[in-house]
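This report describes the fold, the surface and a selection of individual residues of one protein. The sequence and structure come first, followed by the terms and the findings.

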Amino acid sequence: MAPQPTVLVLGGVGFIGRNFVAHLVENGLAADIRVVDKALPQTAYFNDRFKAAFEKVDFLQGDLSNTIPPEKFEKMYTRADGSSFDYVINFASETRFSQPPELYEERVYKLSINCAKQAVEKGCKVFVQLSTADVYKSGNTPSTETSETQPWNDLAKYKLKVDEELQNMPGLNLVILRPAVVYGIGAMTGLTPRLICGRVYKHNKSKMEFLWTGGLKLNTVHVQDVVSAVWHSANWYVSSDNAQPGSPVTFNLADQNDTDQEAVNAHIRGIFGIETGFKGTIFSNAAMAAYGQKETAEETNDMHLGPWAEILKGQNIKTSPLTPYLDADLLAGNSLSLDGCKIANSTGFKYEHPKLTEQSLREIISDFQNLGIWPRD
């Protein structure tokens, strides 16, 4: 039996990273795990599961940005016995929308390129890069890995820039994963702000209406399927099942739900017992034309931020990282439709969460309640 691989997880404290580390630890999948992140686990709102997992890994606090000294970068990639890690998994990246291009250049592009170059120098067997499905052209036809790319936000533009350069980097054993909207325990973005909006409208005893229509695609994938796909694709890449060893490969990740705004709202209705609807295309286009994308988003967010603060204060929650804030890029009416079948058809991967369920969204809320950052009611 082949020895278990050693794994370096970059950006492992974040939402997907912490779930990946827990997946490795709980299933005994790796011989050695090192996690590098600029954030400390103690300040990252870990639940008991994530705390237990991180007690069993080698954690190094470190900023992977372009300013890191080369000798420190090299040290991160070197195991205690002087050997290199077999797998390098890169979750490290700026994830906030609407940031200055200079920040994306440093914390998305240069960061990822430097991490990949170090993996080449160390002779790592596989480098898994987490990208985004936002790189594809907006539309209702599901995008495959060969579909036209037309990033619809600045973050995605820099993600695509990274993808293209990594695919041409000599000696890099590359897997690129492009997930749809990722949800699950620990998610503070994605679908979670919509859940918070639902709680606000329950508080206000009013109807929740989002821009555009219920048919606007918002395809999803559960975080457990994402972390399973990371591990599965890495193992597949280095196995004899890979017909083109050494060649870069890209896989989309999306469940079979073909999630749209109405599918999400249906679950929000079930959770909070509120009425929901949509403004429609005509109204939404008119609002964008009259006020602009940024101003429309600000007006929308103003309706939610105040009541959310009132709810937290009313239940004596002094601080919470959770917010109903929806960035202007997410309110622009872009359709995220993704075909996630290639990884299943070509590698045998199986999605364990093929449908978005009300229970899976309730689990997110329950976990935050246990952490004391979501109201109990």
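## Basis of the description

A residue is called buried under 20% relative accessible area, exposed over 50% and partly exposed in between, with a 1.4 Å probe and protein chains only. By that rule V182, at 12% relative accessibility, is buried.

The model is predicted, so local features need pLDDT of at least 70 and side-chain atom pairs count only at pLDDT 80 or more, whereas totals for chains, interfaces and linings use all residues. Residues are numbered from 1 along each chain as its sequence is written, and side-chain values use heavy atoms, with hydrogens and water left out.

## Overall fold

The protein contains twelve helices and eleven strands. Both are DSSP runs numbered from the N terminus: helices are H or I runs of at least four residues, and strands are E runs of at least two. The C-alpha trace spans about 60 × 45 × 40 Å along its principal axes.

The radius of gyration is taken over C-alpha atoms, and the globule rule is 2.2 Å times the number of residues to the power 0.38. For 377 residues, a compact globule would have a value near 21 Å; the protein has 21 Å, which agrees. Contact means heavy atoms within 4.5 Å. Among contacts with a separation of 6 or more, 81% are between residues 24 or more positions apart.

## Surface and charge

Of the 377 residues, 53% count as buried. The protein exposes about 16,500 Å², and carbon and sulfur atoms supply 50% of that area. Accessible areas come from the Shrake-Rupley method with a 1.4 Å probe; for residues, only the protein chains shown count as cover.

There are 36 positive and 44 negative side chains, and the centres of the two sets lie 4 Å apart. Lys and Arg count as positive and Asp and Glu as negative, while His and the chain ends are not counted. Each charge is placed at NZ of Lys, CZ of Arg, CG of Asp or CD of Glu.

## Cysteines

A disulfide is a covalent bond between the sulfur atoms of two cysteines. The criterion applied here is a pair of cysteine sulfur atoms within 2.5 Å, and a search of the whole structure finds zero disulfides.

C124 is buried, with a relative accessible area of 6%. C197 is also buried, at 0% relative accessibility.

V182 belongs to strand 7 (residues 181-183). Leaving aside neighbours within four places in sequence, V182 is in contact with F15, I16, A187, V221, H222, V223 and V226. V182 and V226 are 44 residues apart along the chain, and their C-alpha atoms are separated by 7.8 Å.

D81 sits in the loop between helix 3 (70-76) and strand 4 (87-90), where D81 is exposed, with a relative accessible area of 55%.

S284 lies in helix 9 (residues 281-291) and is buried at 0% relative accessibility. Not counting residues up to four places away in sequence, S284 touches L211, W212 and K279. The C-alpha atoms of S284 and T213 are separated by 9.1 Å, the two residues being 71 residues apart along the chain.

L29 is in the loop between helix 1 (15-26) and strand 2 and is partly exposed, at 22% relative accessibility. With residues up to four places away in sequence not counted, L29 touches Q4, P5, H23, L24 and W231. L29 and W231 are 202 residues apart along the chain, with their C-alpha atoms separated by 9.1 Å.

## Positive phi angles

Which phi does Y45 have? Although Y45 is not a glycine, its phi is positive, about 55°. Y45 is placed in the loop between strand 2 (32-37) and helix 2 (48-54) and is partly exposed, with a relative accessible area of 34%.

D258, not a glycine, has a positive phi of about 50°. The loop between strand 10 (249-253) and helix 8 (261-272) holds D258, which is partly exposed at 35% relative accessibility.
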